[in-house]
Amino acid sequence: MSTAPESSQVKRPFQRPVLEATGPNRRAGGFYRTADDEQGALPGIPLTGAEDAVVAAVRLGYKVAAAQIDRSARLARRLREAGERAAGPDSERKAVDATERLLFDSMMTGLEWLEGVAADPSCPLKRLVAAEYRLLGSLFGLTPGAEKPAHTAPAGSDAAAARPPQTPVAPLRIVLLGAERRAVRVKACEIAPNLAPAELPVAFYSTQAIDAPPLEGQLVTSTTPPILRVTTWQRSPAGLWRAAVCLADGEQVGILEIEL
Amino acid sequence: MTEAARADRVRVVIVGGGCAGMAAAWQLSRLPGYDVHLYERSWRLGGKGASGRDEHGRILEHGLHIWLGFYENAFRMMRECYAEVEARGWGPAREEPQDRLPHGSIDEAFFPEPHVGVAGHNRAHEWEVWSGHLPPMKGRPGDPIDPESNPFTLVSYLARCFHLIKTLMLSVVGPPGGDVPGQPRPEERSHSDEAVELDFSFDAARSPRVLVERMARMLRGGVLTTAAGVLQGVTILEDWLRTFKLAPQAAGTVFEFVEAVAAQTRKLLHDVVAVDERLRWKTELIDIVITIAVGLYRDRVLFDERGLDAINHIDYRDWLIKHGATRTAVDSPFMNGIYDLVFAYRNGDHDKRALAAGVALRGALRMFFTYRGAMFFRMRSGMGDAVFSPLYKVLREGTATGDRPARGRVTFHFLHALSRVELDFEQEDAGRIARLVFTTRGDPAALDAISGTAALDHFGCWPDDDRLFASAAGKQGEGSVTLHADEDFDVVILATGVVDFVAACADGADPKADLFRLPQWSAMRKHVQTAATKAAQVWLNRDLDELGWHRGPGLISALGTPFGTWADMTHTLGSERAWREARARDRKEPPPPPDGVRSVAAFCSVLSNDEVESADGARDKLTEHVERDLHTLLESGIASFWPLAFSGEQTALDALVAADPQQAAGSGIPGQHVQVNFAGSERYTLALPGSIGHRVSPLDRSVTNMTIAGDWTACGLDAGCVEAAVMSGMLAVHAITGHTPSLDDIVGYHHP
């Protein structure tokens with residue numbers, strides 16, 4: 001020892017105190033507070049449980065509701081005052097009429113503005129309207145898939161992968177095998193286009209009853225339409241059954257869904 | 001002081017003068033009964049936050065330093081510190097060099113930075129930059145928290161969430177072509193943005209164009225937000241339905257409905273984007289936000305007693321994918337920017353992205369929802385100048401005047417490198433430090449004499465080398481200092497970086513005295529990892545507009561070049577010039593001529609272990625390697641952002657000015673500084689998945705006269721940043737006193 005700290009008389013060895021807490025209290029109440037004023041390092045009341053959070057949320061809801069009511073009352077008062085200015089203070093009926101006219105005029109002005117905006121070729125609103133129309137068209141089946149712009153969904157993009165394919169249910173001939181034939185309805189048939197003619201084994205699994213034995217079948221793609229041969233059983237639970245269509249090497253080339 | 005009074009005092013040794021060590025010293029200095037000695041291996045304070053001035057006054061940084069608006073504990077320390085600075089009248093204009101500091105108040109030292117951006121390629125492989133103006137919030141970080149500005153309330157989180165979404169929506173949507181680097185941002189868009197974002201009380205009748213754009217944005221953004229909200233609700237409903245085991249038939253029907261709605265909503269989002277490619281980035285951001293909301297609900301983390309730590313075992317991207325994010329969203333520039341900013345690459349390898357999900361989410365929640373003032377703050381000089389110089393001066397002198405709180409002095413010992421920690425283990429699971437051994441670069445007594453008086457230059461800055469200690473070093477090459485427990489100190493705060501800590505505490509010769517025989521320390525050593533980093537600064541003879549960058553100063557990440565992040569640092573030029581003018585005044589010379597510098601750019605990135613190994617760990621070789629990276633960047637990589645710097649044979653490299661302001665620009669001396677941080681405490685602490693739970697808290701008591709501090713400890717934030725280091729320093733002091741500061745005083749320590 002050659003420099004500071006300065007040596008002094010020997011004391012009993014220092015030991016760090018035993019602490020009450022040895023880590024953060026990560027529970028919601030350890031950190032999040034209500035907005036209520038309370039003295040302390042952090043203002044607010046700790047939310048120590050879900051109930052506290054609910055109570056705080058309800059309080060907040062009351063405040064929001066009160067603010068909305070107050071705002072609505074102010075709006076009504078202003079409208080009434082506007083009506084009275086237009087028709088005189090003694091005629092409530094005229095005031096109501098004037099207020100109605102005021103609202104109507106406002107709406108018409110808004111619509112005219114919207115029409116004007118949509119007519120402007122450089123306005124982004126036009127692009128939005130076009131997108132919306134296209135969307136509505138596709139929803140109601142008015143837009144043929146072939147006419148979709150090529151750039152809407154690049155092949156292999158995640159956005160395309162994220163949404164379920166919109167392939168309509170293909171005509172599929174059903175051939176029931178076995179003695180216990182159940183009514184089968186095809187709910188979905190998604191098969192890769194240009195699939196080489198083949199007879200592919202399929203196994204349907206119930207989407208609701210996980211333990212139910214699978215339904216064995218075969219998909220023949222060499223015909224038009226393809227043929228699905230499937231064996232049904234009396235004990236098989238009703239509901240949706242789903243099967244993967246795979247090539248011999250396991251590559252999945254389609255999905256079939258049937259309903260018993 | 002009597003012997004008895006001295007005997008009652010607790011002698012604390014702090015090893016390491018970075019943010020953590022200085023925060024601990026700051027806390028202890030305000031408490032009566034503690035004698036504090038701080039040992040630092042360098043000639044300056046700051047650690048990873050250090051900066052120095054060269055002989056021309058240029059600010060040479062360890063790395064790129066930005067403070068976030070949620071650094072409540074760090075800002076509180078600096079506000080207290082600058083209150084002392086102001087009370088003493090220290091500042092850049094003082095005549096006496098010993099009373100000078102680069103800044104006289106915290107508002108001079110720090111200023112808000114509301115602009116932040118990320119860069120990325122669009123589908124046509126062209127560069128695009130998204131930059132956002134983040135709204136100012138009530139209050140200032142570090143001020144006492146009052147009900148008006150308290151961000152830690154449910155109401156505040158909700159309000160700020162809506163505010164943020166609104167801002168992001170408004171700032172992302174813009175006319176095509178407006179976000180191409182190198183092309184001026186259209187005036188009308190900029191004007192509209194400002195009007196829409198900042199002034200909601202504008203007179204629509206006087207500004208019909210603004211009204212039209214505003215309505216269009218609201219409509220277009222409304223479609224997305226509505227769809228996003230539906231999707232979020234449906235996904236949560238789906239999860240809720242799975243929780244309640246309904247009858248199979250009923251559940252199947254409901255699931256079909258839910259799946260259909262979710263699919264249709266995704267389709268809506270996708271179709272809108274397909275019509276307008278400009279919205280793609282927005283949907284990626286929405287995707288991430290939705291996924292976070294759904295994931296937080298599914299994993300029940302906000303009400304889990306472990307909080308977000310419950311998902312620290314998984315990488316942030318993997319967690320997002322697990323909860324339904326698309327691949328394009330997790331590979332988006334926003335995500336790349338987050339990983340770049342925190343160097344989240346295992347072994348520094350860009351192909352090994354790794355960031356603990358809980359730490360990332362906690363950081364995001366704190367960053368977006370609890371900032372006060374601005375989301376980012378910049379310093380008008382180096383971090384060493386703005387932070388560590390005033391802390392050093394105030395702590396060195398102590399205070400006891402006026403109505404300010406009394407503050408004891410801290411004794412500094414520079415150029416003392418901790419070489420060994422000798423431990424005694426009398427019990428199986430608890431030990432004590434017996435001795436601390438330091439290696440000094442010079443005569444210890446002579447070093448201490450300078451440490452207490454003359455470690456700063458004429459402007460109150462740290463030099464970029466140990467020239468002020470040269471006389472002490474010359475007296476005796478390398479020295480040694482040994483401190484003995486109970487004789488020289490009572491308790492130690494080891495506030496070094498984790499690499500130096502491990503090196504000092506491992507005792508290969510005597511396994512019984514090896515700290516890492518204890519399981520928690522052994523696990524910490526195994527799992528807590530670091531990465532090397534590189535940084536570069538260039539002084540240019542053109543301003544940003546002349547370089548072709550018209551979006552103003554800001555912080556741009558995810559560049560995808562040899563350096564992932566670029567920040568404009570032109571605002572530091574004033575302090576560099578003030579440094580030179582003060583020197584001229586002291587020497588009674590005429591004011592220095594202009595140096596021709598029009599802008600300063602700083603870059604930083606991670607440095608892979610392979611790169612370090614290929615240079616054999618030699619600093620010179622590695623510096624040359626990073627210089628080549630910098631030149632590659634300036635010769636080609638930055639062309640998309642500074643297009644006007646490139647014409648014919650000319651590149652941005654030709655815009656570098658001479659290092660010596662006395663010489664004319666273009667004299668052949670490159671105006672650049674390259675920094676490699678690959679050894680010991682220079683390295684950046686990573687928040688790797690699976691490692692966070694193995695961090696050791698400063699509250700750990702397995703060594704009864706020792707605690708630890710640093711951003712590598714379990715300090716509540718558990719991320720490599722200033723705030724984490726300051727929190728750990730406060731925790732270390734709590735561990736010693738048992739009460740002050742209380743855990744509630746450490747803002748954010750309990751954050752879920």
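Q: How many bridges join strand S5 of chain B to S9(B)?
A: In this predicted model, strand S5 covers residues 67-68 of chain B and runs antiparallel to S9(B). B:Leu68 has B:Phe376 as its bridge partner in S9(B). The number of bridges joining S5 to S9(B) is two.

Q: Which residue of S9(B) is the bridge partner of B:Phe110?
A: Strand S6, residues 110-113 of chain B, also pairs with S9(B) in the antiparallel sense, over four bridges. In S9(B), the partner of B:Phe110 is B:Met379.

Q: Which residues point the other way from B:Phe376 and B:Arg378 in strand S9 of chain B?
A: Strand S9 spans residues 376-379, and B:Phe376 and B:Arg378 point one way from it. The residues on the other side are buried, as are these two. They are B:Phe377 and B:Met379.

Q: Is the crossing of H2(B) and H14(B) left-handed or right-handed?
A: Helix H2 (residues 19-29) and helix H14 (residues 383-397) of chain B pack at an angle of about 35 degrees, with axes 11 Å apart. H2(B) contributes B:Met22, B:Ala25, B:Trp26 and B:Ser29 to the contact, and H14(B) contributes B:Phe388, B:Leu391 and B:Leu395. By class, six of the contact residues are nonpolar, one is polar and none is charged. The crossing is left-handed.

Q: Why are the buried residues of H17(B) on the same side of the helix?
A: Helix H17, residues 498-505 of chain B, has B:Val498, B:Asp500, B:Phe501, B:Ala504 and B:Cys505 as its buried residues. They lie on the same side because the arc they cover around the axis is only 160 degrees.

Note on methods: Residues numbered from 1 in each chain as written. Chains lettered and ligands numbered in written order. Predicted model: local features only at pLDDT ≥ 70, side-chain atom pairs only at ≥ 80, totals over all residues. Buried ≥ 20, exposed ≤ 12 C-beta atoms within 10 Å, placed from the backbone. Arc of directions from axis to C-beta. Pairing = 2+ DSSP bridges. Axes fitted to C-alpha atoms, helices over the stretch in contact; angles between N-to-C directions. Left-handed = near helix turned anticlockwise from the far one by under 90°. Contact = placed C-beta atoms within 7 Å. Nonpolar A, V, L, I, M, F, W, Y, C, P; charged D, E, K, R; others polar.
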